[in-house]
Amino acid sequence: SKHSERGDCEAALKNFTRAAKLGDVEAHSHLVALYQGGEGVEKDEKKEIYHLEQAAIGGNALARHNLGCEEGSKGRIERAMKHFIIAASHGLDESIDMLKGWYADGHINKEIYDKACNLYQAAVDVRKSPQREAAKRAKQISSDEQKQRDEILFKQPSSCHVGDCSICLLPLPLDVTRYEMIACCGKPVCGGCLYASVMRDGEVALDSKCPSCEQRFPQSQADRDLYRMKRAEANDAAAILEIGTGCFMKEDYSSAFDYWTKAAKLGDIEAHYNLSSLYYEGKGVEKDESKFVYHCEEAAIGGHPRARHNLGAHEEDNQNTERANKHFTIAASLGDDESLKLLEESCESGKVKKDDFAAVVRAHKAAVDATK
């Protein structure tokens with residue numbers, strides 16, 4: 001075969017002839033091509049037919065079909081038909097198509113054609129059986145994996161992704177203007193604790209200390225950036241997230257994507273949510289629905305109400321109302337107002353039971369009250 005690829009037809013003829021004598025069916029097929037095309041040897045119809053017959057006897061369906069064509073061209077319909085039936089019994093499409101045409105033209109009767117069809121279908125079924133079993137197993141595995149994923153996905157998170165204030169340990173609000181990530185240590189501190197810290201230090205903001213790590217607050221943006229960079233170098237996910245957000249605000253979406261990807265790998269929930277937005281909008285990366293859903297799910301599992309809401313909207317767009325309402329219910333229970341409003345509309349239209357909606361309203365109130 002290597003000689004044939006190099007165009008050394010004489011050497012190929014010698015090697016194929018030797019292999020054919022040893023019973024290699026494929027070698028007979030190659031010799032057919034050589035004698036038919038006259039490559040490296042004179043054209044010889046007798047030797048072409050001989051090797052075609054040997055390949056057919058060895059089970060080569062295409063060789064068998066070509067023998068049928070050869071006999072048919074000479075008007076030997078019965079011999080040609082026998083070759084086509086044998087080739088069809090190996091599942092060769094060309095042969096069953098030929099027999100179909102002959103049946104339509106009246107060259108063969110229904111009994112013979114039906115027999116050929118049955119043999120052909122049996123061969124196809126045998127060939128496809130392992131594929132079908134493999135596909136069935138793959139589908140079952142996929143179904144089991146989806147069930148396991150859904151068990152994780154639709155489990156109500158114990159708290160919102162923003163967590164608790166590092167000082168008073170009360171749940172932080174969803175409104176990012178009511179708490180701050182301190183640059184020196186990266187810990188979240190609610191507005192009340194920040195105010196109390198300033199008051200404790202005599203209302204002298206320049207001398208105020210971080211209520212979490214007791215270091216002096218950064219005095220300038222340069223100081224804050226320096227603290228943030230040091231934390232990022234130490235693989236602080238929150239710092240890396242903040243740097244990515246700064247890049248995003250400057251419309252450097254490619255850099256934002258890189259920073260957020262790193263933060264997400266370190267387990268930052270907000271980074272997953274931000275990545276879902278990039279994939280949805282196609283900023284800094286090509287639009288990708290599957291990756292949008294993946295990062296939304298990772299953020300939602302981590303307790304991100306907005307990511308959970310977006311998953312609900314996505315399912316609703318795909319007419320998966322039951323899954324959509326599950327997402328909206330979890331999001332509303334974490335304090336998301338928009339999800340609660342959508343559930344209210346669904347309740348009014350009869351898509352959500354009143355008792356179920358009432359339970360969500362109570363959960364939403366509890367989540368909001370906990371941050372006050």
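Residues are numbered from 1 along each chain as its sequence is written, and side-chain values use heavy atoms, with hydrogens and water left out. Because the model is predicted, local features need pLDDT of at least 70 and side-chain atom pairs count only at pLDDT 80 or more, whereas totals for chains, interfaces and linings use all residues.

The axes of helix α3 (residues 25-37) and helix α4 (residues 45-57) come within 8 Å and cross at roughly 160°; axes are lines fitted to C-alpha atoms, for helices over the stretch in contact, and angles run from 0 to 180 degrees between N-to-C directions. Helices are DSSP runs (H or I, at least four residues) numbered from the N terminus. This angle makes α3 roughly antiparallel to α4 (over 145 degrees). Residues in contact (heavy atoms within 4.5 Å) include V25, L31 and Y35 of α3 and H51, L52 and A55 of α4.

For helices α5 (residues 61-73) and α6 (residues 77-89), the axes likewise come within 8 Å and cross at roughly 160°; α5 and α6 are therefore roughly antiparallel to each other.

Not counting residues up to four places away in sequence, L311 touches L153, V293, C296, E297, A300 and H327.

How values were computed
Helices (H or I, at least four residues) and strands (E, at least two) are DSSP runs, numbered from the N terminus. Angles under 35 degrees count as roughly parallel, over 145 as roughly antiparallel, 65 to 115 as roughly perpendicular and the rest as oblique.
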